[in-house]
Amino acid sequence: MSLTSNIQWSPPIETGLSGEAYLSEMIEDHVDGGPSEAHRPGVYVLELSIPATGGLETYTRLWLETHETTDRYLESIVDANRLLYVGHSADVYGRIQQHLEHPNRSTTVAATFPIHHVEDVWFYDTKQAADDREQGHAIDLNNQIIDAHVHCR
């Protein structure tokens, strides 16, 4: 039995992309020409839902439902008020869709903590340019949003 359904999440799963929201509608806030414009190289930031209560034991049990061992940054996630994931792709829309459709084959954090919404997107001319900027965007976010855990590969 999954622990996930017994937890209150912040932000609530049902109001986000892992619930009732549509990626096509959410991505429109980040592109000028509609969702089709989001099939370009870029860096994206996703906010993930985390338990509203529970502490390290709850987070660890959730983590171990998907992974064999815990990671060193799990305590940092527990101490954060928000969990942001920074990624890059040659096709931002397609990659976020993959995260949503296959959470167990997604990033380690998105496999445990449901994707709530698209926080931000920066588009680039090439996948290499997006790859080159991914870490910089993560560092900037980490410096700007003090109460968040910013996760990046």
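**Entry 1: Gln135**

I began with Gln135, where a polar atom of the side chain lies 2.7 Å from the backbone oxygen of Arg153. I am working on a predicted model, in which local features need pLDDT of at least 70 and side-chain atom pairs count only at pLDDT 80 or more, while totals for chains, interfaces and linings use all residues. Residues are numbered from 1 along each chain as its sequence is written, and side-chain values use heavy atoms, with hydrogens and water left out.

Next I looked up the place of Gln135, which is in helix H6, residues 127-144. (Helices are DSSP runs of H or I with at least four residues, strands are runs of E with at least two, and both are numbered from the N terminus.) Is Gln135 buried, partly exposed or exposed? I found Gln135 partly exposed, because its relative accessible area is 36%. (Buried means under 20%, exposed over 50%, and partly exposed in between, with a 1.4 Å probe and protein chains only.)

Leaving aside neighbours within four places in sequence, I noted Gln135 in contact with Cys152 and Arg153. (Contact means heavy atoms within 4.5 Å.) I also looked at Val86, which is 49 residues from Gln135 along the chain, yet their C-alpha atoms are separated by 8.2 Å.

**Entry 2: the sheet**

In what order do the four strands of the open sheet stand? I read E5-E2-E4-E6, with mixed pairing. (Two strands pair if DSSP finds at least two bridges between them.) The edge strands are E5 and E6 (148-152), each pairing on one side only. From one strand to the next, the twist averages 25 degrees.

I then followed E2 and E5, which pair in the antiparallel sense over seven bridges. Tyr44 stands opposite Val121 in E5.

H6, the helix of Gln135, lies across E2, E4, E5 and E6, at about 165 degrees to E4. H4 lies across E2, E4 and E5, and runs at about 30 degrees to E2. (Axes are lines fitted to C-alpha atoms, for helices over the stretch in contact, and angles run from 0 to 180 degrees between N-to-C directions.)

His99 is found in H4. I call His99 buried because its relative accessible area is 1%. Beyond four places in sequence, His99 is in contact with Tyr44, Leu46, Tyr85, Ser106, Thr107 and Ile115.

Thr112 sits in helix H5, and I call Thr112 buried because its relative accessible area is 6%. The side chain of Thr112 makes a polar contact with that of His67, at 3.1 Å. (A polar contact is a pair of N or O atoms within 3.5 Å; within protein, one must be able to donate a hydrogen and the other to accept it, and residues adjacent in sequence count only if both atoms are side-chain atoms.) Residues up to four places away aside, Thr112 touches Trp9, Leu62, Trp63, Thr66 and His67.

**Entry 3: the cores**

Which members of the largest nonpolar core touch the most others? Of its 32 residues, I listed Ile27, Leu46, Leu48, Ile77, Ile96, Phe113 and Val118. E5 gives the most to this core, with four residues. (A nonpolar core is a set of buried Ala, Val, Leu, Ile, Met, Phe, Trp, Tyr and Cys residues joined through side-chain atoms within 4.5 Å.)

I checked Ile77: not counting residues up to four places away, Ile77 touches Ile50, Tyr59, Leu83, Val109, Phe113 and His149.
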